[in-house]
Amino acid sequence: MKAAVFHGAHQPLSIEDVEIDRPLAREVVVRTVASGVCRSDAHYVDGLYHYPAPSVLGHEAAGIVEEVGELVRGLQPGDHVIANLSVFCGSCERCLTGHPNLCESQETRRAPGEPPKLRLASTGEPLHQFFDLSSFAERMLLHENAAVKIRDDMPLDRAALISCGVMTGLGAALNTARVEPGSTAAVFGAGGVGLAAIQGCRIAGARQIIAIDVIESKLELAKELGATDAVDSSQDDPVARVRELTAGGVDYAFDAIGLKDVSRQAFDCLRAGGTATVIGMIPEGDKVELDGTSFLMEKKIQGTDMGSNRGPVDIRRYVDFYLQGMLKLDEMVTRHCNLEGVNEAFRAMKAGEVARTVIMFE
Ligand SMILES: [Zn+2]
Ligand SMILES: [Zn+2]
């Protein structure tokens with residue numbers, strides 16, 4: 001099969017022939033139909049985060065089950081699935097206390113000594129599987145808990161977005177921050193994840209949602225998707241502007257970019273008792289510095305892992321939200337391309353031209 005291979009930071013992904021293994025007892029092979037191109041993939045290509053090479057990146061995908069291992073009971077060939085990068089065991093303490101996104105078990109992964117899932121066809125060299133998925137490939141070999149069966153009437157390019165960006169942004173508002181009806185919120189960054197966080201605040205019933213970005217077209221889209229106000233932080237000081245718009249600060253703030261200064265700004269624009277949630281991936285080694293006296297006003301800051309998701313529960317809810325018209329995804333798919341277009345998709349994302357490019361495999 002064809003896959004986009006990562007040979008190390010600062011080099012474009014290269015399209016190569018890759019061999020995929022047969023599924024073991026609790027694994028499934030999924031034919032990839034659509035894979036979103038997410039900023040986290042770009043972080044590894046840009047060297048801001050490190051991942052072993054060679055590997056196949058991509059972690060936001062939907063597809064159709066092709067083959068299942070002998071012990072798989074919940075999936076069969078032909079099922080439409082969304083890839084769940086929070087693969088969970090279902091039996092560890094984290095899983096059993098309602099936090100499957102923080103699963104600590106290794107039993108969902110192949111053990112040392114078992115054959116590699118992916119190899120380069122040219123040399124036979126094993127490839128690392130990125131986030132247990134590796135979706136920049138025509139097929140994915142997944143643990144059964146990394147594939148969630150969804151309704152057949154859900155379009156798979158829209159479904160792909162739920163796999164990472166939407167689950168992360170929507171979940172940050174609904175699960176991690178637990179935004180209350182009638183509250184106020186500020187979202188820094190109006191890319192794929194930020195737009196999903198804005199929609200999460202809208203769905204939760206926030207009365208005022210302030211989108212902050214430096215690109216006018218992204219702020220326009222944010223307003224279409226639920227922002228009540230927009231702040232261009234290339235023109236205005238976002239903290240001062242948010243305080244002014246809300247007469248003192250917001251109940252919830254989200255850093256959907258992942259920069260230490262943005263996390264600090266998110267914290268600084270809270271009212272007393274407010275909570276900032278850092279969603280974006282702050283580059284390795286960076287430290288966030290906060291005003292110490294703010295803690296006396298019960299201001300809080302927290303992280304989120306994949307929107308504190310409960311895998312299959314949230315994925316199927318978000319599919320229903322889309323099909324009921326509550327969650328808007330059509331507006332978030334800016335472009336489609338084929339696998340060869342992956343490097344161009346990274347460029348367009350970093351230039352702020354797209355909310356999401358979705359790679360289509362057929
Ligand atoms: Zn992602
Ligand atoms: Zn677990």
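**Local geometry, zinc site and helix packing**

Ala 247 is exposed, at a relative accessible area of 77%. The value comes from a predicted model, as do those that follow. Ala 247 sits in the loop that joins helix 6 (238-245) to strand 14 (250-255). Most residues other than glycine have a negative phi, and most peptide bonds are trans.

Met 306 also has a positive phi, near 50°, and is likewise a residue other than glycine. Its place is the loop between strand 16 (300-303) and helix 8 (311-323). Is Met 306 buried or exposed? The relative accessibility of Met 306 is 12%, and the cut-off for burial is under 20%, so Met 306 counts as buried. Ala 247, by contrast, exceeds the 50% cut-off and is therefore exposed.

A further backbone feature occurs at Pro 54. The peptide bond leading from Ala 53 to Pro 54 is cis, and its omega is near -5°. Pro 54 belongs to the loop between helix 1 and strand 4 (55-56).

The model contains a zinc ion (ligand 1). Which residues coordinate the zinc ion? The donors are Cys 38 through SG, His 59 through NE2 and Cys 164 through SG. Their distances to the metal run from 2.0 to 2.2 Å. Along the chain, the donors of the zinc ion follow the spacing C-x20-H-x104-C. The cysteine pair links distant parts of the chain, with Cys 38 and Cys 164 lying 126 residues apart. Cys 38 is in the loop between strand 3 (27-36) and helix 1 (39-45), whereas Cys 164 is in helix 3. Both Cys 38 and Cys 164 are buried.

Val 37 is buried, with a relative accessible area of 2%. Leaving aside residues up to four places away in sequence, Val 37 touches Glu 60, Phe 136, Ala 345, Phe 346, Met 349, Arg 356, Thr 357 and Ile 359. Val 319 is 282 residues from Val 37 along the chain, and their C-alpha atoms are separated by 19 Å.

Helix 3 takes part in two packing contacts described here, with helix 4 and with helix 8. Two packed helices are described by the angle between their axes and the distance between the axes.

Helix 3 (residues 156-176) packs on helix 4 (residues 192-204) at an angle of about 40°, and the axes are 7 Å apart. The two helices are therefore oblique to each other. The crossing of helix 3 past helix 4 is right-handed. On the helix 3 side, the contact is made by Gly 165, Val 166, Thr 168, Gly 169, Leu 170, Ala 173 and Leu 174. Helix 4 contributes Val 193, Ala 196, Ala 197, Gln 199, Gly 200, Cys 201, Ile 203 and Ala 204. By class, this contact of helix 3 with helix 4 has 10 nonpolar and 5 polar residues, and no charged ones.

How is helix 3 oriented against helix 8? The angle is about 100°, with the axes 10 Å apart. Helix 3 and helix 8 are therefore roughly perpendicular to each other. Helix 3 contributes Arg 158, Ile 162, Val 166, Met 167, Leu 170, Gly 171, Leu 174 and Asn 175. The residues from helix 8 are Asp 314, Ile 315, Tyr 318, Val 319, Phe 321 and Tyr 322. The contact of helix 3 with helix 8 has 10 nonpolar, 2 polar and 2 charged residues.

Asp 213 lies in strand 12 (residues 208-213). With a relative accessible area of 8%, Asp 213 is buried. Apart from residues up to four places away in sequence, Asp 213 touches Gly 189, Ala 190, Gly 191, Lys 218, Leu 219, Val 231, Asp 232 and Ser 233. Asp 157 is 56 residues from Asp 213 along the chain, and 26 Å separates their C-alpha atoms.

Ser 217 is in helix 5 (residues 216-224). Its relative accessibility is 47%, so Ser 217 counts as partly exposed. Ser 217 and Thr 246 are 29 residues apart along the chain, with 23 Å between their C-alpha atoms.

Note on methods:
Residues numbered from 1 in each chain as written. Chains lettered and ligands numbered in written order. Predicted model: local features only at pLDDT ≥ 70, side-chain atom pairs only at ≥ 80, totals over all residues. Heavy atoms only, no water. Axes fitted to C-alpha atoms, helices over the stretch in contact; angles between N-to-C directions. Helix = DSSP H or I, 4+ residues; strand = E, 2+ residues; numbered from the N terminus. Parallel < 35°, antiparallel > 145°, perpendicular 65-115°, else oblique. Left-handed = near helix turned anticlockwise from the far one by under 90°. Contact = heavy atoms within 4.5 Å. Nonpolar A, V, L, I, M, F, W, Y, C, P; charged D, E, K, R; others polar. Donors = N, O, S within 2.8 Å, 3.2 Å for Na, K, Ca; no water. Buried < 20%, exposed > 50% of the residue type's maximum accessible area, 1.4 Å probe, protein only.
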